[in-house]
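The entries below follow the order in which I went through them.

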Amino acid sequence: QVRLVESGGGLVQPGGTLRLSCLATGDISSIYIMGWYRQVPGKARELVATVSSAGLREYGDSVKGRCSIDNDFRKLTVDLQLGSLRPEDTAMYYCYAQAGTIVTQYLDVWGQGTAVTVAS
């Protein structure tokens, strides 16, 4: 079984920087992609940022230019920084991983989510 353990989030001031970390645990043989998505009530989950094992990074349109994502797949971790925070960045942030295990070649896994509120 693969689990994602998220840390960071909470209340952050407008204009500040959000830092989130995610650790994958379990019987993992490979990590192909890790990253973050976010969701607000009544809306679809949207991409924040992902990084692949080949180093390819993708960013959501709403965070481009103020977001960075770094990974260490040997340690099964991914870190997100989102700067110049705005109230509209308030959301539940979910860690995502596409991993391989000894049973399943490609497994999509989601974390439980960490709440982020941007307010003064």
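I began with Ser84, which I found in the loop between β8 and β9 (91–101); strands here are DSSP runs of E of at least two residues, and helices runs of H or I of at least four, numbered from the N terminus. I note for all entries that this is a predicted model, in which local features need pLDDT of at least 70 and side-chain atom pairs count only at pLDDT 80 or more, while totals for chains, interfaces and linings use all residues. Residues are numbered from 1 along each chain as its sequence is written, and side-chain values use heavy atoms, with hydrogens and water left out.

**Positive phi**

I read a phi near 50 degrees for Ser84, a positive value in a residue other than glycine. Most residues other than glycine have a negative phi, which is what made me stop here. Ser84 counts as partly exposed at 46% relative accessibility, where buried means under 20% relative accessible area, exposed over 50% and partly exposed in between, with a 1.4 Å probe and protein chains only. I then looked at Leu76, in the loop between β7 (67–72) and β8 (77–82), and read a phi near 60 degrees, again positive in a residue other than glycine.

**The sheet around β8**

I followed the turn that holds Leu76 and found that β7 and β8 form a hairpin with four residues between them. These two strands pair in the antiparallel sense over six bridges, pairing being called when DSSP finds at least two bridges between two strands; Ser68, for instance, has Gln81 in β8 as its bridge partner. Six bridges also join β3 to β8, and these strands run antiparallel. In β8, I noted Leu80 as the bridge partner of Leu20 and Thr77 as that of Leu23.

I then traced the open sheet of four strands, which has the order β1-β3-β8-β7 with antiparallel pairing. Its edge strands are β1 and β7, each of which pairs on one side only. The twist averages 15 degrees from one strand to the next, taken between axes that are lines fitted to C-alpha atoms (for helices over the stretch in contact), with angles from 0 to 180 degrees between N-to-C directions.

**Cysteines**

How many disulfides does a search of the whole structure find? I found one, a disulfide being a pair of cysteine sulfur atoms within 2.5 Å. Cys22 and Cys95 form this disulfide, with their sulfur atoms 2.0 Å apart, and the link is left-handed, at -95 degrees about the S-S bond. Cys22 lies in strand β3 (residues 18–26) and Cys95 in strand β9, so the pair ties together parts that are 73 residues apart in sequence. I recorded Cys22 as buried, with a relative accessible area of 2%, and Cys95 as buried too, at 0%.

**Core**

Last, I looked up the largest nonpolar core, which has 30 residues; such a core is a set of buried Ala, Val, Leu, Ile, Met, Phe, Trp, Tyr and Cys residues joined through side-chain atoms within 4.5 Å. Met34, Trp36 and Tyr93 have the most contacts inside this core. Strands that each supply at least two of its residues include β1 (2–8), β4 (28–39), β5 (46–52) and β11 (114–118), while the largest share, five residues, comes from β9.
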